[in-house]
Amino acid sequence: MAQLRPALLLFILLTLITGGLYPLLTTALGQWWFPEQANGSLIRIDNAVRGSLLIGQNFSSARYFQGRPSATADAPYNPLASGGSNLAASNPALDEAIKARIAALRAANPQATPAVPVELVTASASGLDNGISPDAARWQIPRVAKARNLPEEEVARLVTEATQTPLVDFIGQPVVNLMQLNLALDGRTMP
């Protein structure tokens with residue numbers, strides 16, 4: 001009994017610190033130092049939320065660049081159901097899904113090279129990626145330029161402008177933020 005009381009008090013103290021004080025402190029600091037990011041980097045157009053710079057969206061029109069497929073439950077790019085398909089590389093269902101995605105991308109992008117970038121046919125672990133590599137974006141330039149009746153050079157310039165590079169090269173790879181790119185195509189600037 002002499003050991004149980006201090007253990008119970010320590011348990012309650014640590015629960016209050018890690019379950020109450022620490023989350024409140026990090027939330028307050030996040031709201032103070034990074035209010036835009038702490039609230040999801042939401043993009044508002046005409047007083048309505050149209051998306052987030054952090055979460056992928058389902059861009060299906062030929063006029064827009066498309067991202068990685070989403071394997072989230074019940075609806076694509078559902079942030080409340082983040083997760084992958086959990087299909088093993090040896091699963092025939094994954095092979096069939098990739099073949100179907102490749103066929104659909106080749107049909108939608110007849111001007112592009114036959115080699116489809118792998119990230120455009122495979123879902124990420126979260127199913128919510130908001131960006132793709134510059135190579136995957138460049139692969140889609142002919143389709144988007146044709147659909148918008150724009151010169152490919154102008155669309156390529158927008159891809160370059162939407163490319164985010166890591167602070168240090170060995171930490172990560174360049175990524176094209178699809179929301180930023182598609183907003184630029186619509187003639188809108190980032191809020």
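A search of the whole structure finds four salt bridges, a salt bridge being a side-chain nitrogen of Lys or Arg within 4 Å of a carboxyl oxygen of Asp or Glu. This is a predicted model, in which local features need pLDDT of at least 70 and side-chain atom pairs count only at pLDDT 80 or more, while totals for chains, interfaces and linings use all residues. Residues are numbered from 1 along each chain as its sequence is written, and side-chain values use heavy atoms, with hydrogens and water left out.

**Salt bridges**

- Asp129 forms a salt bridge with Arg68, their closest N and O atoms lying 3.5 Å apart.
- This pair links distant parts of the chain, 61 residues apart, with Asp129 in the loop between helix H3 (92–108) and strand E3 (131–132) and Arg68 in the loop between strand E2 (48–52) and H3; helices (H or I, at least four residues) and strands (E, at least two) are DSSP runs, numbered from the N terminus.
- Asp129 is partly exposed at 26% relative accessibility, whereas Arg68 is buried at 19%, where buried means under 20% relative accessible area, exposed over 50% and partly exposed in between (1.4 Å probe, protein chains only).
- In helix H4 (residues 134–148), Asp135 and Arg138 are three residues apart and therefore separated by about one helical turn, and their side chains meet in a salt bridge at 2.4 Å, N to O.
- Asp135 is exposed, with a relative accessible area of 52%, while Arg138 is partly exposed at 44%.
- The side chains of Arg157 and Glu161 also meet in a salt bridge, at 2.7 Å from N to O, and both residues lie in helix H5 (residues 152–161), four residues apart.
- Arg157, at 41%, and Glu161, at 46%, are both partly exposed.

**Surface patch**

- Leu10, Leu13, Leu14, Ile17 and Leu21 form a nonpolar patch on the surface, with about 450 Å² of accessible area together; the areas come from the Shrake-Rupley method with a 1.4 Å probe, and for residues only the protein chains shown count as cover.
- Patches are made of residues with over 30% relative accessible area and no salt bridge, like charges being joined within 9 Å and nonpolar side chains (Val, Leu, Ile, Met, Phe, Trp, Tyr) within 5 Å.
- Ile17, found in helix H1 (residues 4–33), is partly exposed with a relative accessible area of 36%.
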